Amino acid sequence: MSEANGYDNCGISQGSPMIADSTFLQALKKHIEAKQIALPIFDPIAMRLQQELLKKDPSLQAIEKLICADQSLSSQLLKIANSSVYRGLIDITTVRSALIRLGISEVFRIVMINVSQKSFSDRDRRTDAIMKKLWQHAMGCAFAAGMLSNSLDFGIFQQEAFFAGLLHDIGKLLVLKVVADKKQTNKTLDVSEPMLLGTMDLLHAEQGYLLLRQIQLPEHFALIARDHHLPEFPPDNYLLMLVRLANQICHWMGIGLRHDPNLDLLALPEAVQLGLSLTELNSVQHFLTSASGLFS
């Protein structure tokens with residue numbers, strides 16, 4: 001695509017106020033397919049650690065070895081284990097001791113927060129502001145899905161629900177990374193915010209699915225990224241329903257890019273299918289409100 005028709009060679013309109021059109025979308029998709037965008041959440045150590053933590057019987061020895069290979073992560077783990085929240089009679093100085101004190105579920109959340117937060121930042125102020133909102137939404141959905149899996153008890157492991165909630169919108173981050181990458185190589189490129197947000201909305205489900213398939217995560221995580229906005233859903237896919245419900249709770253509370261306070265959450269098909277009670281909903285809302293510092 002030449003610049004003569006108002007687009008650069010990625011098909012991004014120069015300062016157009018329009019929501020993404022078909023030319024823009026197709027060009028951006030081609031760019032995503034042609035160039036790999038490195039997301040820190042998928043670095044090799046983080047990927048292996050996530051896969052081990054998601055097992056029904058994770059190996060403490062394997063987890064310890066992987067965490068020790070990441071100096072930043074091991075330091076963070078020791079700091080948290082010795083914090084006032086978890087502090088015991090003595091300070092601990094080894095990753096193995098930290099794992100024992102914190103427990104696998106808490107280590108999983110700490111690891112996911114640590115490795116994923118690196119992805120949600122950019123030198124461009126406007127892009128960075130959007131990424132921070134995406135980070136807040138990803139964390140809100142992760143914690144909400146994890147809490148719901150624990151209270152509703154459909155046989156879904158809390159770690160698995162947390163991970164699925166964290167990654168359901170990963171396609172939006174990918175689109176942002178691609179646009180930021182193009183802006184680095186073309187300093188005159190200006191993508192309007194409506195176009196950027198519109199493109200994210202239209203592409204994130206498909207591109208998130210393809211990305212998670214590409215890095216060979218379990219199929220059900222990729223399917224959640226693809227299907228979390230579909231009008232209908234399989235009534236026996238409890239993990240998908242948990243993430244869809246967590247997503248709507250965050251929209252209702254305004255955690256992320258969207259705020260829809262008029263949602264009737266208990267009337268949603270997912271809530272009805274899962275048997276969500278007002279008490280359980282209030283518990284999730286209270287946690288997300290009181291733990292807002294986690295998402296800043």
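Good morning. The model is a predicted one, in which local features need pLDDT of at least 70 and side-chain atom pairs count only at pLDDT 80 or more, while totals for chains, interfaces and linings use all residues. Residues are numbered from 1 along each chain as its sequence is written, and side-chain values use heavy atoms, with hydrogens and water left out.

Let me start with the overall count. Across the whole structure, 8 salt bridges are found, the term meaning a side-chain nitrogen of Lys or Arg within 4 Å of a carboxyl oxygen of Asp or Glu.

One of them pairs Arg 96 with Glu 64, at 2.8 Å from N to O. This pair connects distant parts of the chain, 32 residues apart: Arg 96 lies in helix H5 (residues 95–102) and Glu 64 in helix H3 (residues 60–68). Helices here are DSSP runs of H or I with at least four residues, numbered from the N terminus.

How exposed is Arg 96? Its relative accessibility is 31%, so Arg 96 counts as partly exposed; that class lies between buried, under 20% relative accessible area, and exposed, over 50%, using a 1.4 Å probe and protein chains only.

I turn to two further pairs. Arg 213 and Glu 219 form a salt bridge of 3.3 Å, N to O. Arg 213 is partly exposed at 42%, and Glu 219 is partly exposed at 36%.

Arg 258 meets Asp 260 in a salt bridge, with 3.2 Å between the closest N and O atoms. Arg 258 is partly exposed at 39%, as is Asp 260 at 22%.

Technical notes: Helices (H or I, at least four residues) and strands (E, at least two) are DSSP runs, numbered from the N terminus.
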